[in-house]
Amino acid sequence: MARSDEEQASSLASRLASTRALTLDLAAPLSDADATIQPHPDASPAKWHLAHTTWFFETFILRDHVPGYRLHDERWPFLFNSYYEGEGDRHARPRRGMLSRPSLDEIRDWRLAIDDALQRALPELRAQALQLVELGIHHEQQHQELFLTDILATFAESPLEPAYGELGPAPAGELEPLGWLEGQDGPAEIGAGDGFTFDCERPRHRALLHPHRIASRCVTNGEWQEFIADGGYRAPTLWLSDGWDWVQREAVERPLYWHEDGTSFTLAGRRAIDPAAPVAHVSHYEADAFARWCGARLPTEAEWESAFAAIDPRQGHQLDRAGAVIPKAGGGPFGDVWQWTGSAYLAYPGYQPDAGTVGEYNGKFMSGQMVLKGASCATPRGHSRASYRNFFPPPSRWQFTGVRLARDA
Ligand SMILES: [Fe+2]
């Protein structure tokens, strides 16, 4: 092995080990019962996240690239395949909370066995398999964020309002004045740059931008309280038709986890809402209605990306270690909350899904979803970048989703 190959392999091995360890650390405060609950069909039990990320490595690397490898348990792929048709039938997603077996301890043991097998296999793996290890690391990081948002949804179901972790006292967040950054006008290059990217970020290509401005910070809780007080949730003219149907059908009156008394449920239990912190847990419909209420609009994904491509995506309030997280005032574009854009999640010109079954990772979801940019307080630091395209359907709001405004200039 040439020296740079060796360095690359040891960096991959250590990133793999630290990523796998963080997932176990995230699960440390949970009982088997905590880790088994599925709070709603879009969210998964904590135990399932631990197992599914392990299934990903066992299937796409050990089974497919290590001669003679035998599965830890031949019945488990049916339980822990998420959505890969190429891997055959699977347990129904809305019924993941019915799996009391295997136990949390059995899944922890499985994780350690797979970690051990992966570390032993790494020196022999060829380039194609090493790329899948890289994909598996980024996949696991995505599930670390989902782990936190799903455990928040789980604990929010309990009238006992358990805290997943602790957060210090809310800082007296100082409200940052809202500025408007002048956007680029004309053709802009967007999409994947150097380093790892998901297939949906490729290829890099030109987008045409029109004169616009983009907000220097996200919309705050205090501003959202003004929207509520002004009857924002009761004014049909502010809402997209689908959004207005949703508000009425679901009787939505405030962001998810907010209570009428000025508190919200967080990973550290019930807390007073900090008016200076970015608003979180709002749907695309709410983001769009809020923007209309202020005479603004949501940025397009190209506007967002061209505005912040020069900012270091590792800067900001992101996940550094296991524990409770919450959006805070004073962060940059990467961190605190993912920001809804007005762009539908569609293929870029010339898009090609990755080869093989992992080609199902992104491309098949390009229908009925909107792009979010940035990162959140639950995103592992180093996971996101300017070209990153997070995506969720418009009514989703159990993620740390917030709003950055834009306007035509
Ligand atoms: Fe997954």
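Which residues of α10 are buried? The answer comes in point 2, after some ground rules.

1. Ground rules. This is a predicted model, where local features need pLDDT of at least 70, side-chain atom pairs count only at pLDDT 80 or more, and totals for chains, interfaces and linings use all residues. Numbering runs from 1 along each chain as its sequence is written.

2. Helix α10. In α10, the buried residues are Glu301, Ala302, Glu303, Trp304, Glu305, Ser306, Ala307 and Phe308. That is eight of eight for residues 301–308, and the helix is mostly covered. Buried here is a count: 20 or more other C-beta atoms within 10 Å of the residue's own, with exposed at 12 or fewer, partly exposed in between, and C-beta atoms placed from the backbone. Helices are DSSP runs (H or I, at least four residues), strands likewise (E, at least two), and both are numbered from the N terminus.

3. Overall build. The protein chain has ten helices and eleven strands. Its radius of gyration is 21 Å, close to the 22 Å from the globule rule for 409 residues, so the chain is as compact as a globular protein of that length. For the record, that radius is taken over C-alpha atoms, and the rule is 2.2 Å times the number of residues to the power 0.38. The C-alpha trace spans about 65 × 55 × 40 Å along its principal axes, and buried residues make up 44% of the 409.

4. Two domains. The assignment gives domain 1 (3–156) and domain 2 (180–408); such bounds come from an automatic or database domain assignment. The C-alpha centres of domain 1 and domain 2 lie 27 Å apart. Their contact takes 24 residues from domain 1 and 19 residues from domain 2, with contact meaning C-beta atoms, placed from the backbone, within 7 Å. On the domain 1 side, α1 (3–27) and α6 (127–156) each supply at least two residues, and α6 gives the largest share, twelve residues.

5. Helix α3. Since 16 of its 20 residues are buried, α3 is largely enclosed by the rest of the structure.

6. Cis peptides. Two to look at. One joins Arg101 and Pro102, with omega about -5°; Pro102 is in the loop between α4 (76–80) and α5. Another joins Arg202 and Pro203, with omega about -10°, and Pro203 is in the loop between β2 (186–190) and β3 (205–209).

7. Positive phi. Ala251 has phi near 50°, positive in a residue other than glycine, and lies in the loop between α8 (241–250) and β5 (263–266). Ala251 is exposed, because 7 other C-beta atoms are within 10 Å. Tyr257, also not a glycine, has a positive phi near 80° and is found in the loop between α8 and β5. With 18 C-beta neighbours inside 10 Å, Tyr257 counts as partly exposed.

8. Asp115. This residue sits in helix α5 (residues 104–121) and is partly exposed, because it has 17 C-beta neighbours inside 10 Å.

Key: Two residues are in contact if their C-beta atoms, placed from the backbone, lie within 7 Å.
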